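Hi,

Here is the structure I promised to pass on. My notes follow below it, for you to read with the model open.

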Amino acid sequence: MQTWRISIFFLISSLTGTCAAESITSNSQIGKTPKICLALSGGGARGFAHVGVLKVLESLHIPVDCIAGTSMGAVVGGLYAAGLSAAEIEQRLDKLKLNDIALDRVERRLLPQAVREEDTQYPLGATLGLSASGVRLPTGVVQATQFLELLHNWTAHLQPDINFDQLPIPFRAVATDLENGKMVVFSKGPLHKAIRASMAAPGVFAPVEIEGHLLTDGGLVRNLPVDIARSMGADIIIAVNIGTPLLPRDQLRSLLNVSQQMVNILTEQNVELQKAALRANDILIEPDLGTISFMDFDRSAEASVIGENAALSMQNKLMALSLSADKYAAHKTSQLHLDLPDVKISFLEIISDGLIPETDIRRQINLPNGSKYDAEEINKKLAILNISREYDGINHELVQRDGVYGVRIYAHERNWGPHFLKFGLALSSGFEGTGGFRLQVGHRRPWLTDSGLEWRNDVEFGNSAKLHTELRQPLMEREGMYAAPYAEWINSTRNLYTQNTRLAEYDFRREQIGLDIGFPLGEQSMLGEARVGIVANRYRVQPKLGGILTSTIDGKLISTSLPSAELQQVGLKTAIVIDQLSDPTFPRYGYKFDSDLFFGVNKSHDNYQEFAINGAWAESIASHSINLKLKGAGLFQSGTEIRGIGPTLGGFQQLSAYQPDQFSGNYMLYGSLTYLLRAVKFDLAGQSLFLGTTLEAGNVWDKGNDISLGSVRKSASLFAGFNSFIGPIYLGFALGSSGARNVFFQLGRQ
């Protein structure tokens, strides 16, 4: 048998023209099977090619005795070393929205209502932190909490402090110490944390702190860890290099691409050194991944196929390492499998580095002693806390102390505060009429007290001005009912029209103070929110431009000043919002309902009632969507009527063929039907380009008796829309009743 094996290996060597078989033969002559190790490189989403390579190695019955991985090579290699087959990894990945997980995107309907509102109002970039030290940004664009949770769930069958040599396949993960630039090689500890540290790409994923070290992507020091695999005792190394190639000059025209090129240069330099360290009997596989970029996580299946084809192209060399079916099965059976037994939780430990009290975290996790340890269930609870955006990340690990098991929670709060600023921008132009500009700034100061008191401020500048300041004090549980005293000041311009002619311009001012009680709807207010409270208003409506010309009997023209008005009132108001739309501006599915009611009296004890009700519904098939909107509003004044403080129509998506606030009165009805075609989808950024058309109908009336179908105004529009990172952008034109027309541009919320 021994002579037969030697003959076969020499035959293979002569056919392939390599010396791989010679090394294997010499090992065989002394009764030793060569130790085969994988060195899997980083490269972001390109790393899914590793899955395809592993599938080929399995099909060829090539044993894998150890794995060293960096970044995405650590992800795929670590999961494979933990006992998942290549097919299992691929099947699990196919069920996921990898772009959303990689970028920590959460389905909008799962967000708390306050977060939904802020995302709609302030879409501009990252949140800025403000402290006595100045303005700061988060350490990474993405915290990658969802990816860490996924890795933890898939490796929860392992002991938390496992030595990586005890894994089914011995494993090493490579990271970089961000403080001193030295290489860190993980050989033990929680596997999911080692993998997460290795894949912390600079500027994209936030660095990870482990045992006092701030760690980032291992690609900076060892993107293709050949020497690490060699140190694990490898006789033969199969190195798979999927690193991102350098960009050509014509693509080096943006700060982002130049920054990426700098990282790629550093990475490629250490890759070339590692490739030079490969020996004659080692095998290098370099899949040609073409246009698949570092962040193309939605192309995982395509990358896997390319990796598979690249490995098959090396089949002649790889076959020299193949075992018979029986020996390969025996090799797989011999691999260690140290699954975690059923564990009862004996204690819960909280490690927090911020203002949120430990008792609050403990209450929300609700993990009683004696309960069975279930990593996935605990991570589901932590995911709810993560989407509240009060943490850079909150995660857990199973720990052993004094012979019993417990759960340790690491709560990393947003350490770049304590004040946080968000920004929004709104621009509009009708080209044939008035336009508008508003810059919006939101300020949040959470956790002023241990009870969860938060200070919220919203400011607008431009052709309208607004200041809203509010305190929110939880009444019982922090995520439950709250009291909200607030004050608001608004100053804007209202235009007075006769038909399509603008006659005058009014200065509209409202000052308001109130106290609300808020009620979350659904768990963590994921369904919506309701508020009830008392409020005092003061309105002032004064003319800015224009006047009234009258003719006397002798033909002289007399100019008369426009009337002004002031109103003070106090009353009770209620509001409710249920928001389950997939997107606030280009929804593809879901619904939204909101309503406001006010009952009050003025200084003369005249009654004053106001209501508004709005509904929206969306549904889609493939790239086609239908949106339906219905609105109604009413204003009832028992005393002298004051014009200008009631509902208005006109402007983009408010009868688009007409000018903003062209129609005003006491009663308003409006409806629209919109068709959207998603023409281009940018999966990575979560953005899309839409082409659409809208049919609108509605009007505003002064008296209830005037409401009739015959007086309804109509508008039809065609537009292109894009949900950009600075907010929704629209460009289009509209035609309306009696020859009304408008060409409009809109950026940001209306």
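**Aromatic pairs**

The structure holds 13 aromatic pairs. One of them brings together phenylalanine 611 and phenylalanine 636: their ring centres are 6.3 Å apart and their planes at 20 degrees, so this pair is stacked. Please keep in mind throughout that this is a predicted model. Phenylalanine 611 sits in strand E25 (residues 607-621) and phenylalanine 636 in strand E26 (residues 624-637), so the pair ties together parts that are 25 residues apart in sequence. Phenylalanine 611 is partly exposed, at a relative accessible area of 30%, and phenylalanine 636 is partly exposed too, at 35%.

Then have a look at phenylalanine 652 and phenylalanine 744, an aromatic pair that is tilted, with 5.0 Å from centre to centre and 45 degrees between the planes. This pair links distant parts of the chain, 92 residues apart: phenylalanine 652 is in the loop between strand E27 (648-649) and strand E28 (663-664), while phenylalanine 744 belongs to strand E33 (residues 741-747). Phenylalanine 652 counts as buried because its relative accessibility is 9%, and phenylalanine 744 counts as buried at 3%. Both rings belong to one aromatic cluster, made up of Phe586, Phe652, Phe690, Phe719, Tyr730 and Phe744.

**Nonpolar cores**

The largest nonpolar core has 74 residues, and those with the most contacts inside it are Leu57, Ile67, Phe171, Phe186, Ile238, Ile285 and Phe297. Helix H4 (residues 72-81) supplies the largest share of this core, with seven residues. A second, separate core has 22 residues, including Ile350, Ile356, Leu367 and Ala375.

Setting aside neighbours within four places in sequence, phenylalanine 297 is in contact with Ala45, Phe48, Met72, Leu98, Asn99, Ala102 and Phe205.

**A three-stranded sheet**

There is an open sheet of three strands in the order E11-E13-E12, and its pairing is mixed. Strand E11 (348-352) and strand E12 (391-401) are the edge strands, each pairing on one side only. On average, neighbouring strands of this sheet are turned by 20 degrees against each other, direction ignored. E11 and strand E13 (residues 404-413) run parallel and are joined by five bridges; leucine 348 has valine 407 in E13 as its bridge partner. Helix H17 (residues 375-386) packs on the sheet, where it touches E12 and E13, and its direction makes about 155 degrees with that of E12.

Which residues of helix H7 (residues 113-121) are buried? They are Gln113, Val115, Arg116, Glu118 and Gln121. Their cover includes strand E14 (419-429), strand E15 (435-445), strand E16 (454-462), strand E20 (528-545) and strand E23 (565-579).

Arginine 478 is worth a visit as well, in the loop between strand E17 (465-474) and strand E18 (482-498). Arginine 478 counts as buried because its relative accessibility is 17%, which is under the 20% cut-off. Beyond residues up to four places away in sequence, arginine 478 touches Asp360, Arg363, Gln364, Glu390, Trp447 and Gly452. With glutamate 390, the side chain of arginine 478 makes a polar contact of 2.5 Å. Aspartate 360 is 118 residues from arginine 478 in sequence, yet the two are 8.0 Å apart in space, C-alpha to C-alpha.

Conventions: Residues are numbered from 1 along each chain as its sequence is written. This is a predicted model: local features need pLDDT of at least 70, side-chain atom pairs count only at pLDDT 80 or more; totals for chains, interfaces and linings use all residues. Side-chain values use heavy atoms; hydrogens and water are left out. A nonpolar core is a set of buried Ala, Val, Leu, Ile, Met, Phe, Trp, Tyr and Cys residues joined through side-chain atoms within 4.5 Å. Buried means under 20% relative accessible area, exposed over 50%, partly exposed in between (1.4 Å probe, protein chains only). Helices (H or I, at least four residues) and strands (E, at least two) are DSSP runs, numbered from the N terminus. Contact means heavy atoms within 4.5 Å. Two strands pair if DSSP finds at least two bridges between them. Axes are lines fitted to C-alpha atoms, for helices over the stretch in contact, and angles run from 0 to 180 degrees between N-to-C directions. A polar contact is a pair of N or O atoms within 3.5 Å; within protein, one must be able to donate a hydrogen and the other to accept it, and residues adjacent in sequence count only if both atoms are side-chain atoms. Rings of Phe, Tyr and Trp (its six-membered ring) pair if their centres lie within 6.5 Å; planes under 30 degrees apart count as stacked, over 60 as edge-to-face and the rest as tilted.
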